[in-house]
Amino acid sequence: MNPTLRQMRAFVALAKTGNFTLAAQAMHVTQSALSGLIKELEQTLGAKVVDRSTRRALLTDIGKELYPLFSQMIDDLDGALANVADHTRLKKGIVRIAAPQLLSCTLMPEAIAAYRARYPDIEVRLGDTGVESVVTRVLSGEADVGIGPERAPAPPLDARLLFEMPFALVFPKGHALERQARVTWKDVARYPLISLQGQFTERLLDDMHAALHAPSVKPAYELTFMTTALAMAAAGQGVTVCLPYAAPLATLYGLVMRQLEEPVLTRRFFLYTRPGRTLSPAAESFIAFLGAFVDKRAPGPAA
C-alpha cells in the first residue's frame with residue numbers, strides 16, 4: 001500500500017467537509033477529479049473509506065480510523081514545509097558570525113543594524129574574539145562564517161574576499177605628523193610604534209623591510225588588542241598602524257588617521273566558511289549583504 005499525498009489530502013478534505021463539492025473547492029480541483037482521487041485511494045488500500053450518498057459523504061469505519069492519522073501526517077508535513085519556506089524567504093533563521101574584536105566594534109555593528117532593518121526576522125549573533133580564534137570557531141561549527149585577515153599558511157576553510165584596504169597611520173591630534181600633507185612608512189620609523197602581537201606585526205615589519213630595504217622597526221609596545229593600541233596612541237605614547245575600518249574608533253579617541261604611502265601596503269580580509277557544508281539561506285543572505293555593504297560603506301582614512 002502506497003497512497004499518494006494528493007490522495008490523502010483529498011480524503012482529509014472530504015472528511016472535514018463531508019461534501020464532495022466543498023472538498024473539491026478546498027483542493028482547487030473539479031468534483032470529478034476529487035472523486036477520482038478517492039477511488040484511487042480506495043483501490044490502493046483495498047477498502048472503502050467513504051460511503052457516498054446524495055447529500056453527504058460518510059466515513060466508513062476504516063475511514064474513521066485513517067482520518068486522524070492522515071490529518072496529523074499532513075499537518076506535520078505542511079508545518080515542516082512552511083518552516084522551510086520561512087527560511088528560504090528569510091522570514092526565519094539565525095546567522096552566527098565570528099569576527100575580530102576591532103572589526104566587531106567598528107564595522108560590524110553598523111552592518112548588522114542595516115541587515116536587520118531589511119530582514120528583521122533573522123537573528124544575527126556576533127561573536128567578538130581574538131583574530132586567531134576566528135578560524136577555530138568556524139571549524140568547530142560555533143560560527144557559520146568567520147571574518148578575518150589573510151593568514152599564512154592558509155586555514156583549511158573556504159575563503160571569499162571581503163575587502164582589501166591600505167594601511168593607515170594613527171596619531172594624536174596636534175602631532176607633528178598632522179602638519180604633513182602625506183605620511184610615509186619612513187615616518188613610522190621616526191616615532192615609537194605601538195603594534196600588535198603575533199602575525200599582524202610580523203608580516204607588517206617584513207613588508208616594511210622589503211619595501212624600504214631598511215632594517216625592521218622594533219615596536220615600542222606589542223599589545224593584544226588594537227583598542228589598547230589606539231588608547232596608548234591617544235595618551236601620547238607613540239603612533240600605531242591599522243586599517244581604515246577602525247576610523248570610527250580612532251575618532252572616538254580623538255586621533256588622526258592618514259593613509260600610509262611609499263609604498264601603499266594593503267591587507268585582505270576574507271569571509272571564512274567550512275568546506276563541504278551548505279550554509280543556511282540566512283547565512284548566505286548575510287554574506288551577500290555584507291559584501292555589498294562593505295563595497296558601499298567601508299570607511300576610508302580621514303584626509
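The bridge partner of I147 in β13 is L271. This comes from a predicted model, in which local features need pLDDT of at least 70 and side-chain atom pairs count only at pLDDT 80 or more, while totals for chains, interfaces and linings use all residues. Numbering runs from 1 along each chain as its sequence is written, and side-chain values use heavy atoms, with hydrogens and water left out. Helices (H or I, at least four residues) and strands (E, at least two) are DSSP runs, numbered from the N terminus.

To the sheet, then. The 5 strands line up as β4-β3-β5-β13-β6 in an open sheet with mixed pairing, where two strands pair if DSSP finds at least two bridges between them. At the edges sit β4 and β6 (158-166), each of which pairs on one side only. From one strand to the next, the twist averages 20°; angles run from 0 to 180 degrees between N-to-C directions, and axes are lines fitted to C-alpha atoms, for helices over the stretch in contact. Helix α6 (residues 107-118) packs on the sheet and touches β3, β4, β5 and β6, with contact meaning heavy atoms within 4.5 Å. The direction of α6 makes about 175° with that of β4.

With strand β13 (residues 266-273), β5 pairs in the antiparallel sense over 4 bridges; G146 has Y272 as its bridge partner in β13. How much of β5 is buried? The count is 5 of the 5 residues, so the strand is largely enclosed by the rest of the structure. Buried here means under 20% relative accessible area, exposed means over 50%, and partly exposed is in between (1.4 Å probe, protein chains only). Both faces of β5 are covered, with V145, I147 and P149 buried on one side and G146 and G148 buried on the other.

Over at strand β4 there is T129. T129 is buried, at a relative accessible area of 9%. Setting aside neighbours within four places in sequence, T129 is in contact with A99, P100, Q101, V134 and R137. One of these, V134, belongs to helix α7 (residues 133-140), where V134, V135 and V138 are buried. These three cover an arc of only 95° around the axis, which puts them on the same side of α7; the arc is that of the directions from the helix axis to the C-beta atoms. The buried residues of α7 pack against β3, β4 (123-129), β5 and β13. Just after α7 comes G141, with a positive phi of about 85°.

Helix α10 (residues 226-234) can be described in the same terms. Its buried residues are M226, T227, A229, L230 and A233. They span an arc of only 160° around the axis, which places them on the same side of α10. After α10 comes G236, whose phi is positive, near 80°.

Helix α1 (residues 5-17) contains A10, which is buried with a relative accessible area of 0%. Not counting residues up to four places away in sequence, A10 touches M27, L34, L37 and I38. M27 sits in helix α2 (residues 20-27) and counts as buried at 16% relative accessibility. With the sequence neighbours up to four places away again left out, M27 touches R6, R9, A10, A13, L34 and L37. Two C-alpha separations give a sense of scale: A10 and R118, 108 residues apart in sequence, are 39 Å apart in space, and M27 and F269, 242 residues apart along the chain, are separated by 53 Å.

Helix α1 also meets helix α4 (residues 61-88), the two axes coming within 9 Å and crossing at roughly 115°. The crossing is left-handed, a label used if the near helix is turned anticlockwise from the far one by less than a right angle, with right-handed if clockwise. On the α1 side the residues are L5, M8, R9, F11, V12, A15 and K16, and these meet G63, L66, Y67, F70, S71, M73, I74, L77 and D78 in α4. By class, this contact has 11 nonpolar, 2 polar and 3 charged residues; Ala, Val, Leu, Ile, Met, Phe, Trp, Tyr, Cys and Pro count as nonpolar, Asp, Glu, Lys and Arg as charged, and the others, Gly among them, as polar.
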